[in-house]
Amino acid sequence: MLTAYDYSFAKILDSANIDILLVGDSASNVMAGHETTLPITLDEMIYHAKSVVKGVDRSLVVVDLPFGSYQGNSKKALDSAIQIMKESGAHAVKLEGGEEIEDSIKRIIDSGVPVMGHLGLTPQSIYKFGTYSVRAKNKEEAKKLKKDILKLEKAGCFAIVLEKIPAQLAAQLTKSVKIPVIGIGAGSKVDGQVLVVHDMLGMNTEFNPRFLRRYANLSEIIQDSVKNYIKDVKEENFPSKEEEYK
Ligand code: KIV
């Protein structure tokens, strides 16, 4: 699974046979430039998801319900899920949290919308945690996670993202459920992996967590291309005779 936020990227990732495209609320960071995922709105998520859906032939498209569109109110959660599915054409939604959002998850699933859960580091709760450091290193938090993953499975989630937790705990949690567990910073003993596409393609050079592997350095490739373009234009090497209309 990789994130996607627009038509052109979705088309490239889909044609490279990615299984799942996540229209993550990380769009708030990498597309809108916000410091956290909190400011992005339901309408903005719908805009991104709609564009991704248009670029996809085969991948499953999962879209994040943004902060403020589901917490603390299962009716609001249901309305948000229905609106995002209806207006974007996405195939499923993802929500962050465990026991505290169980009712919302059940209500959304009962309406016919598939739900992916998200446990461990849940960036929409950054001001509760205070940091983006590894979660569930203490027994109490690990115990809650073990309870939460079972609750999400029982509630009917079709898959769960586990973010930034110790690899050994992630392996245990994965074994404890039958549904697929997709990790980010959760080691290799899970069922699948997800990364933010801007991070794995090296478009975002300031973000360097231990779990991130960069498969390209697009920021350097783009900068070099733009420098060459500027040089060509200034030196009147672009456009050439062949690039002119007669
Ligand atoms: O918003 C996002 O990109 C995510 C992934 C990091 C799992 O939730």
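Glu100 and Lys144 pair up in a salt bridge, their closest N and O atoms 3.2 Å apart (a salt bridge here is a side-chain nitrogen of Lys or Arg within 4 Å of a carboxyl oxygen of Asp or Glu). Glu100 sits in the loop between β4 (92-96) and α5 (102-110), while Lys144 belongs to helix α7 (residues 139-155), so the bridge ties together parts that are 44 residues apart in sequence. Keep in mind that this is a predicted model, where local features need pLDDT of at least 70 and side-chain atom pairs count only at pLDDT 80 or more, while totals for chains, interfaces and linings use all residues. Residue numbers run from 1 along each chain as its sequence is written, and side-chain values use heavy atoms, with hydrogens and water left out.

- Glu100 is exposed, at a relative accessible area of 53%, whereas Lys144 is partly exposed at 37% (buried means under 20% relative accessible area, exposed over 50%, and partly exposed in between, with a 1.4 Å probe and protein chains only).
- Glu100 and Lys144 also join up with Asp148 in a network of salt bridges.
- Glu99 lies in the loop between β4 and α5 too, and is partly exposed with a relative accessible area of 36%.
- Setting aside neighbours within four places in sequence, Glu99 touches Lys144, Lys147, Asp148 and Lys151 (contact means heavy atoms within 4.5 Å).

**Other salt bridges**

- The structure has ten salt bridges in total.
- One of them links Glu102 and Lys106, with the closest N and O atoms 3.6 Å apart.
- Both Glu102 and Lys106 are in helix α5, four residues apart, which is about one turn of the helix.
- Glu102 is buried at 15% relative accessible area, while Lys106 is partly exposed at 37%.
- Another bridge runs between Glu141 and Arg135, whose closest N and O atoms are 3.0 Å apart.
- Glu141 is partly exposed, with a relative accessible area of 23%, but Arg135 counts as buried at 12%.

**Overall build**

- You'll find ten helices and eight strands in the protein (helices are DSSP runs of H or I with at least four residues, strands are runs of E with at least two, and both are numbered from the N terminus).
- The C-alpha trace spans about 70 × 40 × 30 Å along its principal axes.
- Looking at contacts between residues at least 6 apart in sequence, 56% join residues at least 24 apart.

**Surface and charge**

- The protein has 246 residues, and 47% of them count as buried.
- Its accessible surface is about 13500 Å², with 53% belonging to carbon and sulfur atoms (areas come from the Shrake-Rupley method with a 1.4 Å probe, and for residues only the protein chains shown count as cover).
- There are 32 positive and 33 negative charges, and their mean positions are 8 Å apart.
- For that tally, Lys and Arg count as positive and Asp and Glu as negative, with His and the chain ends not counted; each charge is placed at NZ of Lys, CZ of Arg, CG of Asp or CD of Glu.
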